[in-house]
Amino acid sequence: MKTIVKLAVAAAMALAAPAVALAQAWPNKPITVIVPFAAGGPTDVVARLIGEHMSRTLGQQLVVENVGGAGGSTGMTRVAQAAPDGYTLGVGNMGTQSAAPALYPNLKYDPATSFQQISILNYTPQIVVSKKALEASDLKSFLDFAKANHEKLSYGHAGVGSISHVSGLVFNSQLGFKPALVAYRGTAPALNDLVAGQIDYMVDQALNVIPQIKAGTIKAFAVAAPERLASLPDVPTTKEAGLDFIFSAWNAMVAPKGTPKEIVDKLIEAVNKALDDPTIQARYVELGSTAPKGADRGPAGLQKLVESEVARITPVIKAAGVTGN
Ligand code: MLT
């Protein structure tokens with residue numbers, strides 16, 4: 001009997017050995033980071049900023065691959081289905097990790113159970129912006145203009161289920177606006193069209209629109225946050241401008257479920273090191289972003305946020321009566 005037990009233990013150890021060896025040797029080749037939106041947009045900017053720092057900590061390149069489509073759910077499906085060996089990671093956002101289940105009945109992942117959560121990477125408020133030529137100078141004149149013309153206006157977003165889509169749903173339904181919705185593979189191409197005057201307005205992440213607001217190529221009407229942003233001191237909050245609309249977005253890193261704990265621990269350490277770096281913190285201020293602190297960091301903080309955001313956003317989407325499929 002003892003011999004059988006010994007053999008069983010030996011067999012289990014032999015099976016576990018390659019996984020342990022894999023985790024110990026990790027990373028010994030470049031790591032792919034799937035960004036489920038177009039290059040140059042907010043998710044991409046955060047993934048590259050943090051990814052570059054993590055590359056230095058881990059001694060291997062984190063290589064971003066942009067896999068856009070279906071409001072980011074195409075790319076996040078790839079992450080959920082990848083081998084859990086630490087060589088494929090994903091950076092999703094409030095849309096892919098909270099709104100998608102309510103919008104896509106056939107979604108192939110569950111943001112709360114299909115991933116190994118790594119960490120929230122940043123929070124960033126949404127900003128109400130329009131093309132430069134729109135006849136409005138502040139939020140009040142924009143709302144007056146849109147009230148009279150909303151059915152002739154176009155609203156750009158990063159695909160059904162993306163943050164720009166969901167925040168637009170809330171904003172437009174709160175005001176009774178019914179613009180034509182124009183979907184892109186990310187808000188980087190949407191913003192290009194806003195600058196070119198091809199679409200009329202957007203509600204998008206501060207970190208995407210701040211450079212264009214500063215360059216004067218688009219108009220900013222209000223920051224959907226309780227406080228003004230240090231990097232945009234002249235843009236009022238929605239509350240100051242008389243509108244009850246607060247919408248904070250976030251981006252987060254995940255790995256496929258089953259990624260070994262040793263690898264997850266190394267990833268968390270590398271993310272924390274990046275978030276604590278003063279140069280990243282200074283860049284976050286420029287980008288109108290803040291880093292998670294304390295218990296909000298790491299897998300538990302992200303899991304809690306995903307669950308609370310799914311509970312918060314699902315009724316909003318159901319009330320708006322939209323689906324992605
Ligand atoms: C979104 O609206 O979800 C994001 O802006 C997507 C992106 O990173 O382009």
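1. Strand β4 (residues 115–131) and strand β7 (residues 201–205) run antiparallel, joined by five bridges. In this pairing, Ile-127 stands opposite Asp-204 of β7. Bear in mind throughout that the model is predicted.

2. Strand β9 (residues 248–256) is joined to β4 by nine bridges, and the two run antiparallel. Ser-119 has Met-253 as its bridge partner in β9. Strand β8 (residues 218–223) also pairs with β4 in the antiparallel sense, over five bridges. There, Ser-130 stands opposite Lys-219.

3. Is β4 largely enclosed or exposed? Of its 17 residues, 16 are buried, so the strand is largely enclosed by the rest of the structure. The cut-off for buried is under 20% relative accessible area. As background, side chains in a regular strand alternate between the two faces of the sheet.

4. The largest nonpolar core holds 47 residues. Which members touch the most others? They are Phe-142 and Phe-171. Setting aside neighbours within four places in sequence, Phe-142 is in contact with Val-128, Leu-134, Ala-136, Phe-171, Tyr-201 and Phe-221. In soluble globular proteins, nonpolar side chains tend to be buried together.

5. Next, the largest pocket. Its volume is about 170 Å³. The lining consists of Leu-169, Asn-172, Ser-173, Gly-176, Phe-177, Lys-178, Pro-179, Leu-181 and Ala-320. Which element gives the most to this lining? Helix α6 (residues 163–175) does, with three residues. By class, the lining has five nonpolar residues, three polar and one charged.

6. The bond runs from Trp-26 to Pro-27, with omega near -5 degrees. Pro-27 is found in the loop between α1 (2–25) and β1 (31–35).

7. Ala-70 is a residue other than glycine with a positive phi, near 50 degrees. Where does Ala-70 lie? In the loop between β2 (62–66) and α3 (73–81). Is Ala-70 buried, partly exposed or exposed? Its relative accessibility is 37%, so Ala-70 counts as partly exposed. That class covers values between the 20% and 50% cut-offs.

Definitions and conventions. Residues are numbered from 1 along each chain as its sequence is written. This is a predicted model: local features need pLDDT of at least 70, side-chain atom pairs count only at pLDDT 80 or more; totals for chains, interfaces and linings use all residues. Side-chain values use heavy atoms; hydrogens and water are left out. A nonpolar core is a set of buried Ala, Val, Leu, Ile, Met, Phe, Trp, Tyr and Cys residues joined through side-chain atoms within 4.5 Å. Buried means under 20% relative accessible area, exposed over 50%, partly exposed in between (1.4 Å probe, protein chains only). Contact means heavy atoms within 4.5 Å. On a 1 Å grid over the protein atoms alone, a cavity is a set of points where a 1.4 Å probe fits but cannot get out, and a pocket is an open set with protein on both sides within 12 Å along at least five of seven lines; lining residues have an atom within 4 Å of a point. Grid points are joined across faces, edges and corners, and a volume is the space filled by probe spheres set on the points. Helices (H or I, at least four residues) and strands (E, at least two) are DSSP runs, numbered from the N terminus. Ala, Val, Leu, Ile, Met, Phe, Trp, Tyr, Cys and Pro count as nonpolar, Asp, Glu, Lys and Arg as charged, and the others, Gly among them, as polar. Two strands pair if DSSP finds at least two bridges between them.
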